[in-house]
Amino acid sequence: MENQEHGSLFIQYRDHGDLSAFQILLDYYNKPLFNYLLRLLRRTEEAEDALQEVWLKVIRQAHTYNDQGRFTSWMYRIAHNHCMDLFRRNHRMPVEEENGEPERADSILDRLESDGPSPRDLLMEQETFDMLEAAVGQLPEAIREVYILRAVHDVPFKEIAEIQNAPLGTVLSRMHQAVQRLRHILADEDASSAGSA
Amino acid sequence: MKIRPLFQMSEFNREPSDEEMLRFLDEPETSEDRRAFLNQCVLLEGGLERWNELQQVVRAGKDLTRFEPSPEIRVRVMEAAFASTRKHHTRRAEPVRRTSFRQLPGWRLAWAALFLALSWSGYLHFQPQQSSLIYSEEFNYELLTLQEDLDALQAVIALDNDYYSG
């Protein structure tokens, strides 16, 4: 479904009290939003509380939604701000490490590019899923958020920049770091699993 | 499709950075610029390999395990949405109440009715006096007529008496 349609569905709910329109949005975004919050906050209970709070904020702040804007980025901005509030409250700030270029190594992804089954087919393996999940979990918060929004939720970089209130260059740099780190982490995991075998 | 000669794309004669590649990742697949960029990547050593690598890492995110939130949250959120809608409708009901009030007689009409009522009562109040005047005038006229008749009769009687006595 087009995001523009989501925007008009939300307006239908906000202006005409159409609950079925809101229900469609809730069914569509509840799970991705929860996964976004879970990957940022890491704890299931905390993520569930945050999920409820974010939805309540979406309802309460409905009047602030600009008809021209994309609903997804508006909603994720509310979620992002909520997470930042939680980090501040818990004296836990998103970490953004600026280490140098991680060294290149043969990784799972490198092997996925080689001949044989398609990368997508190989990635379907549960083991790879778990490794990737763990690898994403190891990323610093700000970098992880960029990766999750772009890779999992398909939010364009321009909108991520709006959500994070950061310049586009910073967002691209964070994504670059995420890509490098994921390659690095997955390479490490691959090496350790090869060593243990 | 417009074919862009390579010599016109001076900016991509060098190996593009990851940030530049990421920027093109956001471009739609049908985008001319993206195609031109990819064509250039093919010609550069390791360019396409890096592009594919980047796409792999980004696409991998889509296949990440999705966790399910508690279904109670959905119920609570729907309740909140419903409550908010009810509030919204209560707020909208206020003007409706005002319109129903508008259906009652307005102040102008009330003043007009009061004026009519006072005029009517005044009219009723003054009407007997006016009629009594008329009646008294008529009565006086009748009295005068009778008086005249009486005088005339007395004059006739007096004449008759004079005639018989004289």
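## Helix 3 and the make-up of chain B

In helix 3 of chain B, the buried residues are Trp51(B), Glu53(B), Leu54(B), Gln56(B), Val57(B), Val58(B) and Ala60(B). The structure described here is a predicted model.

Chain B contains five helices and zero strands, and its elements follow the order α-α-α-α-α from the N terminus. Of its 166 residues, 9% count as buried.

## The nonpolar core

The largest nonpolar core has 60 residues, and those with the most contacts inside it are Leu37(A), Ala79(A), Val146(A), Tyr147(A) and Met175(A). Helix 2 of chain A (residues 19–41) supplies the largest share of this core, with 11 residues. In soluble globular proteins, nonpolar side chains tend to be buried together.

Beyond its neighbours within four places in sequence, Ala79(A) is in contact with Leu33(A), Tyr36(A), Leu37(A) and Val54(A).

## Packing of helices 2 and 4 in chain A

Helix 2 of chain A packs against helix 4 of chain A (residues 71–89) at an angle of about 30°, and their axes are 11 Å apart. Since angles under 35 degrees count as roughly parallel, helix 2 and helix 4 of chain A are therefore roughly parallel to each other. Helix 2 of chain A passes helix 4 of chain A in a right-handed crossing.

From helix 2 of chain A, Tyr29(A), Leu33(A), Tyr36(A), Leu37(A), Leu40(A) and Leu41(A) take part in this packing; they meet Met75(A), Ala79(A), Cys83(A) and Leu86(A) of helix 4 of chain A.

## The interface between chains A and B

Contacts between the chains involve 39 residues of chain A and 34 residues of chain B. On the side of chain A that touches chain B, at least two residues come from each of helix 2, helix 3 (44–60), helix 5 (108–113), helix 6 (119–123), helix 7 (126–137), helix 8 (141–152) and helix 10 (168–196) of chain A. The largest share of that side, nine residues, comes from helix 2 of chain A.

## Positive phi angles in chain A

Most residues other than glycine have a negative phi. Arg42(A), although not a glycine, has a positive phi of about 75°. Arg42(A) is found in the loop between helix 2 and helix 3 of chain A and is exposed, with 12 other C-beta atoms within 10 Å.

Asp154(A), also not a glycine, has a positive phi of about 60°. Asp154(A) is located in the loop between helix 8 and helix 9 (157–164) of chain A. With 14 C-beta neighbours inside 10 Å, Asp154(A) counts as partly exposed.

Definitions and conventions
Residues numbered from 1 in each chain as written. Chains lettered and ligands numbered in written order. Predicted model: local features only at pLDDT ≥ 70, side-chain atom pairs only at ≥ 80, totals over all residues. Helix = DSSP H or I, 4+ residues; strand = E, 2+ residues; numbered from the N terminus. Buried ≥ 20, exposed ≤ 12 C-beta atoms within 10 Å, placed from the backbone. Core = buried A, V, L, I, M, F, W, Y, C linked by C-beta atoms within 7 Å. Contact = placed C-beta atoms within 7 Å. Axes fitted to C-alpha atoms, helices over the stretch in contact; angles between N-to-C directions. Parallel < 35°, antiparallel > 145°, perpendicular 65-115°, else oblique. Left-handed = near helix turned anticlockwise from the far one by under 90°.
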